[in-house]
Amino acid sequence: MTPKELLYIEDALGHTKFLMTQCNLAANQLTDPALKRQVQQYVNENQKLFTQFLNLV
């Protein structure tokens, strides 16, 4: 893997981690159960994406 590809993966990992953090913060503040479930699903999807990027390394 080239250094440029590694930098791309590192950047993608950072973005997905940021999105997970932001979604977790939002989910903790939501009171509507349907919205909370939707945001938690975003966390789960980003966790899967994070794992996929991490497995590339």
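This is a predicted model: local features need pLDDT of at least 70, side-chain atom pairs count only at pLDDT 80 or more; totals for chains, interfaces and linings use all residues.
**A chat about the chain above**

Reader: How much accessible surface does the protein chain have, and what share of that belongs to carbon and sulfur atoms?
Author: The accessible surface comes to about 4500 Å², and 59% of that belongs to carbon and sulfur atoms. Areas are from the Shrake-Rupley method with a 1.4 Å probe, and for residues only the protein chains shown count as cover.

Reader: OK, secondary structure. How many helices and strands in the protein chain?
Author: Two helices and zero strands. These are DSSP runs numbered from the N terminus (H or I over at least four residues for helices, E over at least two for strands).

Reader: And is the chain a compact globule or more spread out?
Author: More spread out: its radius of gyration is 14 Å, well over the 10 Å that the globule rule gives for 57 residues. The radius is taken over C-alpha atoms, and the rule is 2.2 Å times the number of residues to the power 0.38. Along its principal axes, the C-alpha trace spans about 45 × 15 × 10 Å.

Reader: What percentage of the residues count as buried?
Author: Of the 57 residues, 21%. Buried is under 20% relative accessible area, exposed is over 50%, and partly exposed is in between (1.4 Å probe, protein chains only).

Reader: Which residues make up the largest nonpolar core?
Author: Six of them: Ile9, Ala12, Leu13, Met20, Phe50 and Phe53. Such a core is a set of buried Ala, Val, Leu, Ile, Met, Phe, Trp, Tyr and Cys residues joined through side-chain atoms within 4.5 Å. Both α1 (3-29) and α2 (33-56) supply at least two residues of this core. The most come from α1, with four.

Reader: Staying there, what does Leu13 touch?
Author: Phe50, Phe53 and Leu54, once residues up to four places away in sequence are set aside. A contact is heavy atoms within 4.5 Å.

Reader: How far is Ala12 from Phe50, C-alpha to C-alpha?
Author: They are separated by 7.9 Å, although 38 residues apart along the chain. Ala12 is buried at 10% relative accessibility.

Reader: Now Thr16: buried or exposed?
Author: Buried, with a relative accessible area of 4%. Thr16 is in helix α1 and, leaving out residues up to four places away, touches Asn46, Leu49, Phe50 and Phe53.

Reader: What about the Asn46 end, which residues is it in contact with?
Author: Thr16, Leu19 and Met20, leaving aside neighbours within four places in sequence. Asn46 is in helix α2 and counts as buried too, at 13%.

Reader: What share of contacts is from residues 24 or more positions apart?
Author: They account for 58% of the contacts with a separation of 6 or more.

Reader: Last one, charges. How far apart are the mean positions of the positive and negative ones?
Author: They are 8 Å apart, for 5 positive and 5 negative charges. Lys and Arg count as positive, Asp and Glu as negative, and His and the chain ends are not counted. Each charge is placed at NZ of Lys, CZ of Arg, CG of Asp or CD of Glu.

Definitions and conventions:
Residues are numbered from 1 along each chain as its sequence is written. Side-chain values use heavy atoms; hydrogens and water are left out.
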